[in-house]
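Please keep the sequence and the three-dimensional view at hand while reading.

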Amino acid sequence: MIRIAVIADPHVHDCSWIPEGTGLTGAVRSFAETAASTRIFNESIPAFRAALDRTVEAGAQVVLLVGDLTDDGQRPNILAALAIIDEYREHHGIRVLMTPGNHDFYALVGRPQDKSFLAADGTPVLVKSADCPEAATLGTGEALAMLASLGFEPEPGDLLWESPFGSDPDWSARTYTVLSPDGGTACRMIDASYLVEPIEGLWVLAIDANVCVPRDGADDLGDPAQFRDPTDGGWQAVLQHRAHLLPWMKDVAARAAAKGKHLVAFSHYPALDPLGGVSADEVALFGATGLARRAPTAAVAEAFAATGVPLHFSGHLHVNDTARYDGRAGRFANVAVSSPVGYGTSLKIVDLCDDRVEIRTQPLRHVPGHDAAFAAYRAEAKQQGRSELPESRAPDHGAFLSHHLVNLVHGRYLLREWPEDMVAFVRSRTVVDLLESLGLPSAGAPVFPLSEFVEDWYRLRKAGELSHEDIAPERLAFYRRLCAAAPRIEGSSLAARFAILLGMMQAYLDRPANRDFALSLPGLVVTPL
């Protein structure tokens, strides 16, 4: 048996960094920016350390880091992340293998960043990379040169190392031509994918699915604005612009099977829909939301299955999910791993056995130092004449992230993504009103604000079984009864749209096991542990 750990999207941000020329004594991000983001910032280093501590406790010697190691690829954050990784390697022998995410670097020369940091009295100070160059995101080549030790180049003890282009690790030997959508602009870009055997019997396939493409008409490749952001591209962009990866993956899978190796693949982007398989329903209901529009297509699933790679770990969307595909081209499982700095905070411990893969999720609800920025948040609130935030008294990391998700639901998702009539109904009614609007009996039903139902809908969507720690058992049982009884209503009435919402909730509740589970080999049947 071989044991590894999988950590996704730690988004390391170094609060001790002092932005040059700003007069600041640190780099604590404002709570206003934190509340508006799908991730938290100032808690990232304590959470990353907690994830590595859990890795040590579990006895795993290899960590797969599924992209977005740093928050935005700034040099100070990369240095801080590498210092932590070096510390755990020196003291505990942990080897971290990384694949790039969309926050780790950008295009050829990087891009500018503007961030607000808090002064000692809680006043937000806007720091622009135009004035403070080290606040900018680095370009691909510069960032990868710093990150080379995280698997991107071979180490003397590796039993095997290769890239899609051969065994030469030099970056100049690992480039390909990417074309703008209209084919008019060509650019040489690095593909940082690699295969490594760090310990006997384990083949780790790190797939660089972070594809940056020049825009139509681009004539200055040193201008970051002339590239398309890779955030929404994912595996669709791989099929279009890095198709050379697919035959290499197929060859790797065949060689691994022939040699009896445990093959584990990972990339930043999911290869199957990680939102309970109902992203299409979400798009139909709310339009192309930030998560649903990034769900991979059926063509991606078929192309991935055809490679023969059986197991793939992904991050990017900060969700906890298990998905399995069985099609004409083959079968594979995609295990989506939530972020230490997002709701459902956790990592995965993976045991690779001869006849199965056992995956156990380790929640990171209790993180030493989770409250290091809370005094700054209180100073910010006081400076702005607002009352103290409940988040700044959260007893643990999990509670802080639960508060953060509620803020996102009311301050971002409902405002940006939901139709106004649904929002008005949510804000003024109870669950009993929902039952009655659907023609369901309400006698004996629990009475609570419909807004709490929506908060729990997002908890289940994001974290699957991990959300059960924040939803009372009796309420979960009620949701199961409600979803089972919900009628199918034709049309676009308010009741019809809430019926769709309940159908989606049922899909979240009925996901394959996604906390502690086993995948049989070779059938990849999912069973709870």
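The model discussed here is predicted. Strand 18, covering residues 356-363, and strand 19, covering residues 516-520, run antiparallel and are joined by five bridges. Within this pairing, Val 357 stands opposite Leu 519 of strand 19.

Strand 19 is also joined to strand 20 (residues 526-528), here by three bridges and again in an antiparallel arrangement. Phe 517 has Pro 528 in strand 20 as its bridge partner. Strands 19 and 20 form a hairpin, with five residues between them. In the turn, Leu 524 has a positive phi of about 60°.

Elsewhere in the order, strand 1 (residues 2-7) and strand 17 (residues 346-352) run antiparallel and are joined by five bridges. The bridge partner of Ile 2 is Leu 352 in strand 17.

## Nonpolar cores

In soluble globular proteins, nonpolar side chains tend to be buried together. In this model, the largest nonpolar core has 66 residues. Those that touch the most other members are Phe 48, Leu 64, Leu 69, Leu 150, Phe 152, Phe 266 and Phe 313.

## Aromatic rings

Across the whole structure, a search finds 20 aromatic pairs. One of them is formed by Phe 31 and Tyr 377, in an edge-to-face arrangement with 5.1 Å from centre to centre and 65° between the planes. The pair links distant parts of the chain, since Phe 31 lies in helix 1 (residues 31-36) and Tyr 377 in helix 9 (residues 374-383), 346 residues apart. Both Phe 31 and Tyr 377 are buried.

One aromatic cluster is made up of Phe 286, Tyr 413, Trp 418, Trp 457, Tyr 458 and Tyr 508. Arginine side chains also lie over rings: Arg 29 is over the face of Phe 41, at 3.8 Å from the ring centre, and Arg 475 is over the face of Phe 448, at 3.6 Å from the ring centre.

Note on methods. Residues are numbered from 1 along each chain as its sequence is written. This is a predicted model: local features need pLDDT of at least 70, side-chain atom pairs count only at pLDDT 80 or more; totals for chains, interfaces and linings use all residues. Side-chain values use heavy atoms; hydrogens and water are left out. A nonpolar core is a set of buried Ala, Val, Leu, Ile, Met, Phe, Trp, Tyr and Cys residues joined through side-chain atoms within 4.5 Å. Buried means under 20% relative accessible area, exposed over 50%, partly exposed in between (1.4 Å probe, protein chains only). Two strands pair if DSSP finds at least two bridges between them. Helices (H or I, at least four residues) and strands (E, at least two) are DSSP runs, numbered from the N terminus. Rings of Phe, Tyr and Trp (its six-membered ring) pair if their centres lie within 6.5 Å; planes under 30 degrees apart count as stacked, over 60 as edge-to-face and the rest as tilted. A charge sits over a ring if NZ of Lys or CZ of Arg is within 6 Å of the ring centre and within 35 degrees of the ring normal.
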